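Subject: Structure for your review

Dear colleague,

Please find the structure below, followed by a summary of what was found in it.

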Amino acid sequence: MRETISRTMADRMGWFWMIFEPLAIIGVMVSVRGLFMSGRHIAGADYVAWMVVGLMGFMLFRENMMRSIGAIEANRGLFAYRQVKPVDPVLVRCFLEGMLKSLIFILFITIGSLLKFELMPDYPFGAMMDWLSLWALGWGMGLTLSVLGDLVPEIGKVTRILNLPLLLLSGVIFPVLYVPHQYREYLLMNPIVHGLESMRMNFFSGYHTIDGIDMTYLWFWALALISLGLILHTRFRDQLKAH
């Protein structure tokens, strides 16, 4: 309850920015594509709907990662209670961010469907599993960086700087089919690409992407990061409380 009130009510414009940010990015990219790339259609999917799915999936991962970095410092006063551990605020923030992003995504799907943007997934169960997979990946990254960012503050700063390159390298704005063949194997090293492309294929049955998309690879990263994060929290628990 404390995190929910802080996230949604501390700033009277909180809900507005959560909805306006993806809308603004989509608006800018649609304008850029219309001006410089002659059209906004992607084979098998409407460009706006394609962008919404990719952007919301990326923001789910990003917010879980970024909000976790400051979770321990922001809740340090609660560690006076023995039952509260440093991992608790991180888990709560990741859960809250996932729920908020899910609610906003459902809102986008509903509004998009009313505006005839075909945002209803063709394979709902697969799309939901991909959404949960990206959530798990962000959860794992958040758990890991929450410890590293608290022990070494520079890590948090570097992570914030890497947000934009990660956006560009995850196939959020431009289709990965545009990437030359010799570079695709390097692009596929990014687990976010697998999650976003798989989710787009489940949303749009006619959409095709590059070969090599494998959700097992994403889950390998997700489970490895969750395990590493929990190990780090166990190892540095006392240090995080006293830091």
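Setting aside neighbours within four places in sequence, S170 is in contact (heavy atoms within 4.5 Å) with F58, N190, I192, V193 and L196. S170 sits in the loop between helices α8 and α9; helices here are DSSP runs of H or I of at least four residues, numbered from the N terminus. S170 is buried, with a relative accessible area of 0%. Buried means under 20% relative accessible area and exposed means over 50%, with partly exposed in between, for a 1.4 Å probe and protein chains only. The side chains of S170 and N190 are joined by a polar contact of 3.0 Å. A polar contact is a pair of N or O atoms within 3.5 Å; within protein, one must be able to donate a hydrogen and the other to accept it, and residues adjacent in sequence count only if both atoms are side-chain atoms.

Please note that this is a predicted model, in which local features need pLDDT of at least 70 and side-chain atom pairs count only at pLDDT 80 or more, while totals for chains, interfaces and linings use all residues. Residues are numbered from 1 along each chain as its sequence is written, and side-chain values use heavy atoms, with hydrogens and water left out.

Helix α3 has 23 residues and reaches 33 Å from its first C-alpha to its last, close to the 33 Å expected, a span defined as 1.5 Å times one less than the number of residues. Because 22 of its 23 residues are buried, α3 is largely enclosed by the rest of the structure. S68, which is found in α3, is buried with a relative accessible area of 0%.

The largest nonpolar core has 48 residues, of which W50, V52, F105, F203 and F204 touch the most other members. Such a core is a set of buried Ala, Val, Leu, Ile, Met, Phe, Trp, Tyr and Cys residues joined through side-chain atoms within 4.5 Å. Among the elements giving two or more residues to this core are α2 (14-36) and α3 (47-69), and α3 gives the most, with 16 residues.

Is M189 buried or exposed? M189, in the loop between α9 and α10, is exposed, with a relative accessible area of 53%. Not counting residues up to four places away in sequence, M189 touches Y217 and W221.

Yours sincerely
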